[in-house]
Amino acid sequence: MKSIRIGAGLGFYGDNWEPVAASIERGGVQFIASDHLAELTLAILQKDRQRDPALGYARDVVPMLMKLWPLMRERGVRFVCNAGGLNPQGAAQALLAAFGAKGWKARIAVVSGDDVLPRLQDEASPPGEFAHLFTGEAVARVRSHLVFGNAYLGARPIVHALDEGADIVVTGRVADAALFLGPLVHGLRWNLAGANACEDLDRLAQGLTVGHLLECSGQGSGGNFGSQGAWQAIPDLAHIGYPIAEVWEDGSALITKAPVTGGRVNFDTVRQQLLYEVHNPHAYFSPDVVLDMGGIELKDEGEDRVWLTGARGTAPTDTLKVVAGFRDGYKAEVTWGFSWPDAWDKAQAAQATIRALLKDKRIPHDELYVEYPGLNSAHGALAPLPAADALNQSNEIWTRLVLRTQDKTAADGFGRLFPWMGLSGPAYTCGFTGLHNTSELLGIWPTLIPRSLVEQAVRVEVLS
C-alpha cells in the first residue's frame, strides 16, 4: 500500500526552522507543511502592511527557504505554507527575487481568494449577516473600522497547486490542518471534491487529524508538554525534532520524528496535542470535513512511534470561518516595581495615585488593567493572591498597568504620569519600564460566511 511522509514546519511566525532541516535530511519526508499564522498573526501583519503596502506576509519564510531549499531540491521535498498572510503575492515575489539572486529555479504557486473584506464592509449585506460568532453582535458596530477579513480556505487549492507541479505553495489564510491534508490528498489520490462516501470522509478525517497533530511544530513531539512530574523526562529540547507522519492510502498513520533528534513522540505527548484547541472532540470543524475524534486509537509502539487510526468524518458545512480585524483604539503600559519592606502596600498606593491622576486630569480611557507579574499574570483569577501581610514580606512586587483608550493622545501621555513619583511617591521604587510605548489595538471579529461566496473567487497561480 502506498504511503506519504510529511513533516511539520513552523508552528507560528518566528518559530525555529532548524528542526525542519533535520526532518528533510534524516526523516525521509516528501512534503513539509508550515503554519505561520496563529489566530492573531494577521493583526501583526496588518500593522506591517500599514507601514509598507508591499508587506503583510510572514517575512520569516524567505530566510527559512533560503536555508531549506538546497536540502529540499536535492531530495525532491515540496513545501506548503500559509506565510502569505494578507499578501500571498508579495510573499511569492519576495521568494522569487531571493531565489533569482542565487540563480535558483523553483515553481512557486500562490493561492489567493481568502480576502473577504469587501463583503464584510458592504452596507447592503442583509441584517444579521457576519454577526460575531460568539456574541451574535451585528457587524455594523465595527464595519467602518475593519481593516482585514479573511476566510479559512481548505485543502482544495493546495491540491490543485501540487497537481500543477508546484515545488512551493504559498497561501493566505488557510485552515491550519488543511496545509497537511492537501499534500496527502494529492499524493494518495484521495477523493476530496464531492467526497460523500463514508470511506472517503473517514480518510479525510484521518488526514485532518494528522494535520492537527503536526500543525504546532515541536508541541507535537514533546515541546510545551505540561504533564506534572513527567515533562522533565522529555529529552534534549535544545535539539527537538518536529513530528513527522507517514500516512497510508487507507488513512492509517504513524506519528514519529527524525532520528537523532530531541523531544519525545509517545502516547501522552500525542494525545496532549490531539486535544489542543479542540472545543468539541466529536465535531471538529474544518473546510474539508467534520472530524469526530471519539473513535481515535493511539497505539504507542515505543521508540518515538505512535499509530493513529479510527478518525471518523462527516461532510463539511456550507459556511467557512472568517477572522476579521478592526481598529479598536490604543494601549500604553508601564511596569513599576517596589522593594521590601511593605512592597505590596506601596504597589497599592502607587496604583491608587495613578487612578487619582487619571480622574483629576480627565484622561479618557476605557480601562486601566492591573496585574502583578510573578503573582497572577499567568493564571489571573485562578491564582488567588496571598494575604497582604505575606505579600508585604516579599523581596519585590512588580505591577503592570495597561491603559486602553480610544484617544491616541491619552495613550501617548500615560507614561508622563509616572516619573515624578521616583522621588515623590512610595519609597524604594525598583524603576519603571515602558514609559513611552503607545501601540494601536486591533480587535478580532470572528464570523461565518457562505462557502459559495468565497470559493468562486479562489485562484491558484503557478509562477516560475
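Asp366 forms a salt bridge with Arg404, and their closest N and O atoms are 3.7 Å apart. A salt bridge here is a side-chain nitrogen of Lys or Arg within 4 Å of a carboxyl oxygen of Asp or Glu. Asp366 lies in the loop between α10 (343-360) and β14 (367-371), and Arg404 lies in strand β15 (residues 396-405), so the pair ties together parts that are 38 residues apart in sequence. Helices (H or I, at least four residues) and strands (E, at least two) are DSSP runs, numbered from the N terminus.

Asp366 is partly exposed, at 42% relative accessibility. Arg404 is also partly exposed, at 28%. Buried means under 20% relative accessible area, exposed means over 50%, and partly exposed is in between (1.4 Å probe, protein chains only).

## About the model

This is a predicted model, in which local features need pLDDT of at least 70, side-chain atom pairs count only at pLDDT 80 or more, and totals for chains, interfaces and linings use all residues. Residues are numbered from 1 along each chain as its sequence is written, and side-chain values use heavy atoms, with hydrogens and water left out.

## Other charged pairs

Side chains of opposite charge can pair when their charged atoms come close. A search of the whole structure finds 21 salt bridges. One of them joins Asp163 and Arg189, with the closest N and O atoms 3.1 Å apart. Asp163 sits in helix α6 (residues 156-163) and Arg189 in the loop between α7 (178-188) and α8 (198-214), so this pair ties together parts that are 26 residues apart in sequence. Asp163 is partly exposed, with a relative accessible area of 39%. Arg189 is exposed, at 55%.

Arg305 pairs with Glu301 in another salt bridge, and here the closest N and O atoms are 3.5 Å apart. Arg305 is partly exposed at 32% relative accessibility. Glu301 is partly exposed too, at 38%. Salt bridges can also link up: Lys331, Glu333, Glu371 and Arg400 form a network of them.

## A buried charge without a partner

Asp288 is found in the loop between α9 (267-274) and β9 (290-292). Asp288 is buried, yet it has no salt bridge. Which side chain of opposite charge is nearest to Asp288? That side chain is Arg451, 5.7 Å away. For this search, Lys and Arg count as positive and Asp and Glu as negative; His and the chain ends are not counted.

What does the side chain of Asp288 reach at 3.0 Å? It reaches the backbone nitrogen of Ala155. Leaving aside neighbours within four places in sequence, Asp288 is in contact (heavy atoms within 4.5 Å) with residues including Gly154, Ala155, Arg156 and Pro316.

## Gln351 in helix α10

Gln351 is found in helix α10. Gln351 is buried, with a relative accessible area of 12%. Not counting residues up to four places away in sequence, Gln351 touches Val370, Tyr372 and Leu401. A polar contact of 2.9 Å joins the side chains of Gln351 and Tyr372. A polar contact is a pair of N or O atoms within 3.5 Å; within protein, one must be able to donate a hydrogen and the other to accept it, and residues adjacent in sequence count only if both atoms are side-chain atoms.

Now look along the chain. Gln351 and Ala258 are 93 residues apart, and their C-alpha atoms are separated by 52 Å.

## Backbone details

The peptide bond from Trp340 to Pro341 is cis, with omega near 5°. Pro341 lies in the loop between β13 (319-339) and α10. Asp342 lies in the loop between β13 and α10. Asp342 has a positive phi of about 60°, although it is not a glycine. Asp342 is partly exposed, at 39% relative accessibility.

Phe130 is another residue other than glycine with a positive phi, near 65°. Phe130 is placed in the loop between α5 (117-121) and β5 (146-151). Is Phe130 buried or exposed? Phe130 is buried, with a relative accessible area of 3%.

## A nonpolar patch

Leu133, Phe134 and Leu448 make a nonpolar surface patch of about 300 Å². Patches are made of residues with over 30% relative accessible area and no salt bridge: like charges are joined within 9 Å, nonpolar side chains (Val, Leu, Ile, Met, Phe, Trp, Tyr) within 5 Å. Accessible areas come from the Shrake-Rupley method with a 1.4 Å probe; for residues, only the protein chains shown count as cover. Leu448 is found in strand β17 (residues 439-450). Leu448 is partly exposed, with a relative accessible area of 38%.
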